[in-house]
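Subject: A structure for you to look at

Hi there,

Here is the structure I promised to pass on to you. Have a look at it first, and then read my notes below.

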Amino acid sequence: MLTMSSRFAVIAGPGGYPAPRLAEALGAPLVEAEHKVFPDGEAYVRIPEGLGGRIAVVVQSMYPEQDRRFVEALQLVEAAKGVGAEHVILVAPYTAYARQDRRFRTGEPISIKVVLHSLRVAGADAFITVDIHKPESLTYFGGPAYNVDPAPVFAEALRGEENLVVIAPDRGALRRAKSLAEHLGASYDYLEKFRDRVTGEITMKPKELNVEGKTVVLVDDIISTGGTIAKAAEILRSRGASKVIVAVSHALMVGNAREKIAKAGISRLIALDTVPPKPGVEVHSAAGLIADAVKRVAEEQGWLF
Ligand code: R5P
């Protein structure tokens, strides 16, 4: 009889970070998917080994090149079934389109609904992601779907820091601040952010926050252009925070995000290995937490014999 870990095979797609660490944490073989782009621009993937009766853990993060990574994810799921996987768990450490989770303006799509539903239709039996914009979106998958909370990794990275308070840059990120604060035994609060849905411009209303002389941990899911975090850090510094540390799951760092953040007086920028590493970012691995989620889903679904 196969051991629990050998039930799994980890398939690394073109967006397969952190697949090697995940395979190691699961004690499972790692299979690198072949991939290329046809001259006309279409994506091609191939899983070069049979998966006879295994649980395929397909790892495909969806940044950068969100659209291509998404199409490859669909292809990888279908291919895994084609080479004999009994069950397919799609692990998307970063799920693209998660922020378009409702129709902010008439005529817009619910993009995350399309993404998750399509993955299910392609054959994914379960879905795991890390710190999705809103966990409620996972219902669009229509099957077992899990969101990994990064708080234990951030808490470990912050060990040794003192006099902490955790702040979310907007109300939407409050549950992240709460979870991290609980892990750290610290208090938490949030700022009030408004984004113009047409221009994308951000304004923040400084609330009455007591951060005087504190080390503030600003926690969020994503740094894209860096506007949100830079603005929040400036407000917190102006309110007397002695140090601002940022903990975000997905440091996309688009354009001049790095410069904006440096200018805002941020001491440390902590992120996860859900997207490729960027200069100036202190990367910590989410692989252990993802491995726990993979084992949990397989056990709950009764896939481990
Ligand atoms: C928005 O609600 C998200 O949680 C992030 O705060 C936002 O997407 C970050 O974007 P940017 O870095 O461009 O301000």
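A word on terms before we start: helices (H or I, at least four residues) and strands (E, at least two) are DSSP runs, numbered from the N terminus. This is a predicted model, so local features need pLDDT of at least 70 and side-chain atom pairs count only at pLDDT 80 or more, while totals for chains, interfaces and linings use all residues. Residues are numbered from 1 along each chain as its sequence is written, and side-chain values use heavy atoms, with hydrogens and water left out.

Let's begin with the whole chain. The protein has eight helices and 16 strands. Its radius of gyration (taken over C-alpha atoms) is 20 Å, close to the 19 Å from the globule rule (2.2 Å times the number of residues to the power 0.38) for 305 residues, so the chain is as compact as a globular protein of that length. Along the principal axes, the C-alpha atoms fill a box of roughly 60 × 45 × 30 Å.

Now for the ligand. There are 15 residues around the ligand (a heavy atom within 4 Å), and the closest are Asp220, Asp221, Thr225, Gly226 and Thr228. Strand 13 gives the largest share of this shell, four residues. By class, the shell holds three nonpolar residues (Ala, Val, Leu, Ile, Met, Phe, Trp, Tyr, Cys and Pro count as such), six charged ones (Asp, Glu, Lys and Arg) and six polar ones (the others, Gly among them).

Which side chains have an N or O atom 2.8 Å or 3.5 Å from an oxygen atom of the ligand? Arginine 99 does at 2.8 Å, and arginine 195 at 3.5 Å. Glycine 226 places a backbone N or O atom 2.8 Å from a ligand oxygen. In total, the protein covers 90% of the 380 Å² of accessible area (Shrake-Rupley method, 1.4 Å probe) that the ligand has on its own.

Finally, some backbone details. Most residues other than glycine have a negative phi, and most peptide bonds are trans. The bond from tyrosine 17 to proline 18 is cis, with omega near 0 degrees, and proline 18 lies in the loop between strand 1 (8-12) and helix 1 (19-26). The bond from tyrosine 63 to proline 64 is also cis, with omega near -5 degrees; proline 64 is in the loop between strand 5 (55-59) and helix 2 (66-82). Aspartate 131, although not a glycine, has a positive phi of about 45 degrees.

Happy exploring!

Notes: Polar contact = N/O pair within 3.5 Å; in protein donor to acceptor, adjacent residues only side chain to side chain.
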